[in-house]
Amino acid sequence: MTVDSPQPAVQRLLGPSNPNLASSDGSSVPPAPRSGGAKVRILETATRLFYEEGIHSVGVDRLISEASVTKATFYKHYGSKDNLILAYIRTQHERVQDRFERLVTDAGEAPLAVRAWVDAVSDEVNEAEFRGCAFLNAAAEYHDPRDPVRQVVASHRDWYTERLAELLQAAGHPLPGDGADELMLARDGAMSGAYAGDAIAATAALRRVAERVLAG
């Protein structure tokens, strides 16, 4: 996907007006749990277990037990595991989006923002709890691109690539859409390579790609 010119209208699955969504930096590691009510506690539990162990491997009974809620409470708040899965993916998008926008604001200039983003990805993959990209992990568990989970993942990635393209455009890149595709692919590779192999080599490669892209 390139985003050098305006794209045709597509269904967006990340905004609060979409019925599939209840209601985000290069981060994909779920946040640390917070204290809260039953609904929040269920989502926090799901976030931890889905990310650490995989979505399909965690059953409703396990979620109920570890969240210390009753089955009636679980179904009252989420109705089904499928709804909880979508809430998990949406929450991760919101977190990545928020951190990315704060990173851009703090950086001030577009080239500095791209480099700060690379630093954020590099820091993340070296965290002890890192288990790869939450979105790539989710996509790997759902083979059908028409599945709501895959649609949310695709929309997240569209947003991500578009924001990278906007930064490159602001930095004067002649083909910001192509450059954003390169950055996104390098980010995916760094995430996967760091988890499966050498995090230092993976993030060094990401940094090299980013510098080449910024050089135009």
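How many aromatic pairs does the count come to?

What we have here is a predicted model, where local features need pLDDT of at least 70 and side-chain atom pairs count only at pLDDT 80 or more, while totals for chains, interfaces and linings use all residues. Residues are numbered from 1 along each chain as its sequence is written, and side-chain values use heavy atoms, with hydrogens and water left out.

Okay, the fold. Of its 216 residues, 45% count as buried; buried is under 20% relative accessible area, exposed is over 50%, and partly exposed is in between, with a 1.4 Å probe and protein chains only.

Now the inside. The largest nonpolar core has 63 residues, and F50, L84 and W117 have the most contacts inside it. By core I mean buried Ala, Val, Leu, Ile, Met, Phe, Trp, Tyr and Cys joined through side-chain atoms within 4.5 Å. Helix 4, residues 81–107, gives the most to this core, with ten residues.

Back to the rings: the count is eight aromatic pairs. The rule takes rings of Phe, Tyr and Trp (its six-membered ring) with centres within 6.5 Å; planes under 30 degrees apart are stacked, over 60 edge-to-face, and the rest tilted.

One of them is F74 with Y78, a tilted pair at 6.4 Å centre to centre and 45° between the planes. They're about one helical turn apart, because they sit four residues apart in helix 3, residues 71–78. Both F74 and Y78 are buried. Then there's F100 with Y160, edge-to-face, 5.8 Å centre to centre and 75° between the planes. That one links distant parts of the chain: F100 is in helix 4 and Y160 in helix 7, 60 residues apart.

Last stop, P174, in the loop between helix 7 (148–170) and helix 8 (176–196). Buried or exposed? P174 counts as exposed, because its relative accessibility is 59%. Its C-alpha is 6.6 Å from that of G216, 42 residues away along the chain.

Technical notes
Helix = DSSP H or I, 4+ residues; strand = E, 2+ residues; numbered from the N terminus.
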